[in-house]
Amino acid sequence: MKVLGVSGSPIPNSNTDRAVKAILNATGLETEFIKLSDYKFSGCMHCLKCVYTNKCAITDDDGPMLIEKAREASAIVIGGWTPYSSLDSRTKAFMERCFANRHLKGYMKGKPAVSVITYAAPEENLELPPASSMGQDAIMYYMVEEGMNYLGGVKVLGNVPCIRCGVGDTCPISGIAMLCGPTATVENVGVNKFENQKGMGDAVRLGKVIVEILAKNEVSEEKSCSKGEPNK
Ligand SMILES: Cc1cc2nc3c(=O)[nH]c(=O)nc-3n(C[C@H](O)[C@H](O)[C@H](O)COP(=O)(O)O)c2cc1C
């Protein structure tokens, strides 16, 4: 049994990466972590050639390898972030390419699945677009539409890039003031870390739920095998 964790964040050791890894670690099972920015792949071409083969027709990039990893996993955790309030393009392209795992075989059906979303626009500021829920929904609906067993999501308050860019306090269109108000500065806003947030507890809980579900699935598979029923 292997639990696959996928992060769409290109930032080294980002909040997104660490949240995905916290869920993987909480399972205590064999895991694999994939950082999508380490690979080259595009989105789905909608050619539908995968319908009868479950193989992606784009073969000159890392897509087929990533599709295979998702197919082979017993459970999957997908983490994304929210440029311009919606899900980032790498995570979206990964999910689109995994369309090849669908169709007659439905390889993702029933897999325990958890989402992670990292965002910077505070949820309580209703004047800003709801990045956290739009990002989380995009991952959740992919999982649900593929028939996975969606167990829940971890939301992580990340950092607006202006905290690190070097001109956050002087830039006329700084996101710091936009997100946190006119008196906000690089110093008084500070750096948000996943480990200090409620999401850390959610990550550990969801990791344990993955283990419970996999154990239940194993028992029901054993029962159906001992009754001579075909293995679904
Ligand atoms: C091009 C760009 C656009 C962004 N737009 C938004 C946005 O509209 N809403 C938001 O909540 N965060 C936005 N962010 C912030 C990212 O969500 C944040 O950097 C990401 O969650 C990574 O956080 P981390 O550094 O803590 O890992 C944007 C970041 C970039 C680079």
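**Close-up 1. Contact of H1 with H7 in a predicted model.** From H1, the residues Ala 19, Ala 22, Ile 23, Leu 24, Asn 25, Ala 26 and Thr 27 take part. They meet Gly 199, Met 200, Ala 203, Val 204, Leu 206, Gly 207, Lys 208, Ile 210 and Val 211 of H7. Sorted by class, this contact has eleven nonpolar, four polar and one charged residues.

**Close-up 2. Packing geometry of H1 and H7.** Helix H1 spans residues 15-27, and helix H7 spans residues 198-226. Their axes lie 7 Å apart. The packing angle is about 40°. H1 is therefore oblique to H7. The crossing of the two helices is right-handed.

**Close-up 3. The open sheet of five strands.** The strand order is S2-S1-S3-S4-S5. Pairing is parallel. Strand S2 (30-35) and strand S5 (149-157) form the edges, and each pairs on one side only. On average, neighbouring strands are turned by 15° against each other, direction ignored. Strands of a sheet pair through backbone hydrogen bonds.

**Close-up 4. Strands S3 and S4 side by side.** Strand S3 covers residues 75-81, and strand S4 covers residues 112-119. The two run parallel. Six bridges join them. In one of these pairings, Ile 76 has Ala 113 of S4 as its bridge partner.

**Close-up 5. Helices H1 and H4 on the sheet.** H1 packs on the sheet and touches strand S1 (2-7), S2, S3, S4 and S5. The direction of H1 makes about 170° with that of S1. Helix H4 (residues 131-145) also packs on the sheet. H4 touches S3, S4 and S5. Its direction makes about 160° with that of S4.

**Close-up 6. The shell around the ligand.** There are 20 residues around the ligand. Ser 14, Ala 120, Ala 121, Ala 131 and Gly 158 come nearest. H1 and S4 are the elements that give two or more residues to this shell. By class, the shell has ten nonpolar and ten polar residues. Charged residues are absent from the shell.

Technical notes: Residues numbered from 1 in each chain as written. Predicted model: local features only at pLDDT ≥ 70, side-chain atom pairs only at ≥ 80, totals over all residues. Axes fitted to C-alpha atoms, helices over the stretch in contact; angles between N-to-C directions. Helix = DSSP H or I, 4+ residues; strand = E, 2+ residues; numbered from the N terminus. Parallel < 35°, antiparallel > 145°, perpendicular 65-115°, else oblique. Left-handed = near helix turned anticlockwise from the far one by under 90°. Contact = placed C-beta atoms within 7 Å. Nonpolar A, V, L, I, M, F, W, Y, C, P; charged D, E, K, R; others polar. Pairing = 2+ DSSP bridges. Near = placed C-beta within 6 Å.
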